[in-house]
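I opened a new notebook page for this chain.

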Amino acid sequence: MDVWSSLMDGFATALTPMNLLYAMIGVILGTAVGVLPGLGPAMTVALLLPVTYALEPTSAFIMFAGIYYGGMYGGSTTSILLNTPGESSSVVTAIEGNKMAKAGRAAQALATAAIGSFVAGTIGTTLLAVCAPIVVQFAVSLGSPSYFAIMLLALLAVTAVLGSSRLRGFAALALGLAIGLVGIDSVTGQRRLTFGQPLLADGLDIVVVAVAIFAVGEALWVAAHLRRTPLHVIPVGRPWMGRKDWQRSWKPWLRGTAFGFPFGALPAGGAEIPTFLSYVTEKRLSKHPEEFGKGAIEGVAGPEAANNAAAAGTLTPMLALGLPTNATAAVMLAAFTGYGIQPGPQLFSSQGPLVWALIASLFIGNLLLLLINLPLAPLWAKLLQLPRPYLYAGILFFATLGAYSVNLQAFDLVILLILGALGFMMRRFGLPVLPLILGVILGPRLEGQLRKTLQLSAGDPAGLWSEPIAVGIYVIIGLILLWPFAYKLIRRNRPKNSTLLPANSGAADYSD
């Protein structure tokens, strides 16, 4: 009952006329930026993050909820109309969605994506409201050793599954941890990696880092590979669905939600695995399997629902434990820290009204997304016709404006340029950007928990595994690190006349 009464209080805060206006502006801004080619939800949120800084925290996060869901929907629009996924979790939507669009069913593809997003987002946010307080009750009982182990697991698990190789993932993580070290040591007062520059004493602002790595790095990378041929945009009518489309879509929406939320809540679960699982499941269960690969509506409905349910799932560990499990959640964590608010077990007690207003605004943003974006789909399609040079020049302009607005210091623009060049080079050499962002955010907190643990154990390293949960997590970390070597041994010792197919047989490589 406490959950529902708190949620009702959140709705009372979020449903004021001014906050509803902020939510609507957030949805429109989020979709307008998210629909642009190559921009995923994480980059959209990073780019628009500084816009919210002029508002008081509650209104800012209500606007942020609209930006979050708007960016998610914008990415699916680009996947369907242009076959250009803004992030890896939209790859599956593009497979069938673009085929539907080319067959003259773009309106139906956009409609099932929007309604599926609404259904999954609503169920996922309900589960978030129910599950987050339970996770908090569990988290309050944890000590520093367990927290250190959980953060280490989150960093290693995300790093191990991203990028074209583990080495590249860990290289990106090392870069992030190094950037997180910049500033004054909170215990000794020593300056670290400031290079004699007083403006670096407070460390690098996470918003500047996120905007540089995501927005500037991506804009430079795409600008370096601009195609001279104009984009062919498929015309879109008013999105609608016939009775047969509804019958073929509602079960994939529910199954996709069931796949998405649990994976989203796991460290390194992400949205990629549930979207692929949803696609495979719908293909097997469909009464029209011959349509898959040619534009099956189930292949859009299921994965899009899984993607949005996973997005709601990622907010559970982010709010309850302070652990971001994907890039978008990492940028949202940066927004909290920008307001001096620390997500984690104490958040629900110290900032209860704000958290429940945020959760309530996720419901509102989800509904506004459906009401606003279904009629505006033809308009978003026209945005795709912007010439690429103008588009990315605009992105660089807003990124610069956003980074400058954080501290109103020209020095931040120098940092933006340097880190933007780093983001470009990371993409050039295939290094995933998420481990870097997680390293910057979680690195200082990981160091704080490590120091607290060693202080409590008088410097004895055994204090790191002094709690049963910590021991269990270290076992999981060991399995994650040792599994590739064990798998190689198993394959090496497998009989040569084995009829088993290779592990990667027929599989598409969707790694960044």
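I took helices (H or I, at least four residues) and strands (E, at least two) as DSSP runs, numbered from the N terminus. The model is predicted, so I kept to its limits: local features need pLDDT of at least 70, side-chain atom pairs count only at pLDDT 80 or more, and totals for chains, interfaces and linings use all residues. Residues are numbered from 1 along each chain as its sequence is written, and side-chain values use heavy atoms, with hydrogens and water left out.

Entry 1, salt bridges. I counted a side-chain nitrogen of Lys or Arg within 4 Å of a carboxyl oxygen of Asp or Glu. I found six salt bridges in the structure. In one of them, Arg 451 pairs with Asp 185, with the closest N and O atoms 2.6 Å apart. I noted that this pair links distant parts of the chain, 266 residues apart: Arg 451 is in helix H17 (residues 434-456) and Asp 185 in the loop between strands E1 (183-184) and E2 (191-192).

I used under 20% relative accessible area for buried, over 50% for exposed and partly exposed in between (1.4 Å probe, protein chains only). Asp 185 counts as buried because its relative accessibility is 6%, and Arg 451, at 26%, counts as partly exposed.

I looked up Glu 298 and Arg 248, which form a salt bridge with the closest N and O atoms 2.8 Å apart. Glu 298 lies in helix H11 (residues 298-321) and Arg 248 in helix H9, so the pair ties together parts 50 residues apart in sequence. Both Glu 298 and Arg 248 are buried.
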